[in-house]
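Visitor: I am new to this structure. Could you walk me through it?
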Amino acid sequence: MEREVKFATKCVHTGEKPDPVFGAHTTPIYQTSTFIFENARQGAARFAGEESGYVYARIPPNTPTHAVLAEKFAALEGGEAGQTFASGMAAITAISLTALKKGDHLISTDVVYGCTYSLFSQVLPGLGIEVSFVDTSKIENVKRAFKPETKMVFLESPANPTLTICDIAEIARIAREKGALCVVDNTFATPYFQRPLELGADLSLSSCTKYIGGHADLLGGIAAGNKDFMNRMSSVVGYTGGIMGPHEAWLCIRGLKTLHIRMERHAENAMKVAEFLESRPEVEWVRYPGLPSHPQHELALKQMSGFSGMLAFEVKGGIKAGRRLMDKVKLCSLAVSLGATDTLIQHPASMTHACVPCSVRKRVGITDGLVRLSVGIEDSGDIIADLKQALEAI
Ligand code: LCS
């Protein structure tokens, strides 16, 4: 049997095909909207799905550049097939519209990215889809939430922005038993640190805008899973049209080639920053899955091979002190998004999660004083020095 190459080698090599025309070393950007058929019979066969190949850049497999990215990402997640999208939200929308129809029920983690919360709480109910937001870190809650109509369980772990973790293997097992699809938003962990499909989930998705692209210079989304679901989803993708541009696909291919190296540094720096913050008298609490103080640290050790670069904390004095801290940092950028090479700091209650009603934020632990940090790959001493001067100035 052929030896399966390791994760780092997949990052660099999988999916890459030498350019058949000129032999270019890197994957070309197929900047084209349409594809020429050899003859009318071939065009008809491709549209009928009787022959594989490219037809039009909106219709999967989009372009050869997209196909390389989808294949590479699927290999990293351990899935049979992948699909790229215009953004992480386009991925979540297409997955939801493929898996759910009027009368169906969705169970979602209660702490999810703000726009995911809005999509699930405002858009899907308008289509006749019922949504239950559940604290998925407690298995009893998940079990209790199932109804005969439940068709999908959507998990975000670690969750944005509280870093709450849920037991993916156990929930995927229950979902399978109940005949529901288990989908995991793996944006925070990336396949380098967590592979939901290997834990039993049906689909794993990421916002490429974050660690996959890795350099805060693109918007994109991607999902991996089994061929059957991907085939079903390809019509939704073609009909709704939220597809990634070829240049973005190329940037993501380039980003993935260094994913393993970047993630190591993100996690190493985040651990040091988390330990620093936890040691400071100005800090009320810190949440980082790698800290023993994280409520699900044991579970994180079980299902993740590292803890990535995201952390949340609150300074004493709540939101007022938090705002002063965010205004005082110099090296860290005050910006939403995450997974960039530089350290980003932001305030979820007034920024990424401002669209989540205040009462819901309170209930799920997105406190007004919570500050979120996406730890970059700068020198950890410099990040810590910046936070230290800002803490001393509040
Ligand atoms: N899933 C998670 C966990 C996210 O954090 C985001 C965006 C998305 C999906 C959506 O991806 P997008 O459509 O932006 O590519 N999170 C953001 C954040 O925390 N700050 O700005 C965007």
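Visitor: Which helices do the buried residues of α11 pack against?
Guide: This is a predicted model, where local features need pLDDT of at least 70, side-chain atom pairs count only at pLDDT 80 or more, and totals for chains, interfaces and linings use all residues. Residues are numbered from 1 along each chain as its sequence is written, and side-chain values use heavy atoms, with hydrogens and water left out. Helices (H or I, at least four residues) and strands (E, at least two) are DSSP runs, numbered from the N terminus. The buried residues of α11 pack against α1 (7–13), α3, α9 (208–212) and α12 (259–279).

Visitor: Which residues of α11 are buried?
Guide: Buried means under 20% relative accessible area, exposed over 50%, and partly exposed in between (1.4 Å probe, protein chains only). Helix α11 covers residues 246–256. Its buried residues are P246, A249, L251, C252, I253, G255 and L256.

Visitor: What does T65 touch, beyond its neighbours within four places in sequence?
Guide: T65 lies in helix α3 (residues 64–77). T65 counts as buried, because its relative accessibility is 0%. Contact means heavy atoms within 4.5 Å. With those neighbours set aside, the contacts of T65 are T27, P28, I29, Y30, P246, A249, W250 and I253.

Visitor: Why does I243 count as partly exposed?
Guide: I243 sits in the loop between α10 and α11. Leaving aside neighbours within four places in sequence, I243 is in contact with A57, R58, N62, F85, A86 and V237. I243 counts as partly exposed because its relative accessibility is 22%.

Visitor: At what angle do α4 and α10 pack?
Guide: Axes are lines fitted to C-alpha atoms, for helices over the stretch in contact, and angles run from 0 to 180 degrees between N-to-C directions. The axes of α4 (residues 88–99) and α10 (residues 227–240) are 9 Å apart. The helices pack at an angle of about 115°.

Visitor: Which residues make that contact?
Guide: Helix α4 brings A94, I95, L97, T98 and A99. Helix α10 brings F229, R232, M233, V236, V237 and T240.

Visitor: How many aromatic pairs does the structure hold?
Guide: Rings of Phe, Tyr and Trp (its six-membered ring) pair if their centres lie within 6.5 Å; planes under 30 degrees apart count as stacked, over 60 as edge-to-face and the rest as tilted. The structure's count of aromatic pairs is 7.

Visitor: What kind of pair do F120 and F154 form?
Guide: F120 lies in helix α5 (residues 114–126) and F154 in strand β4 (residues 150–156), so the pair ties together parts that are 34 residues apart in sequence. F120 and F154 are both buried. The ring centres are 5.0 Å apart, with 85° between the planes, and the pair is edge-to-face.

Visitor: Which residues do ring pairs link into a cluster?
Guide: Y192 and F193 are both buried. Ring pairs link these two with one further residue, and the cluster is F7, Y192 and F193.

Visitor: Is K330 buried or exposed?
Guide: K330 is in the loop between α14 (318–328) and β10 (333–334). K330 touches D386 and Q389, not counting residues up to four places away in sequence. Because its relative accessibility is 68%, K330 counts as exposed.
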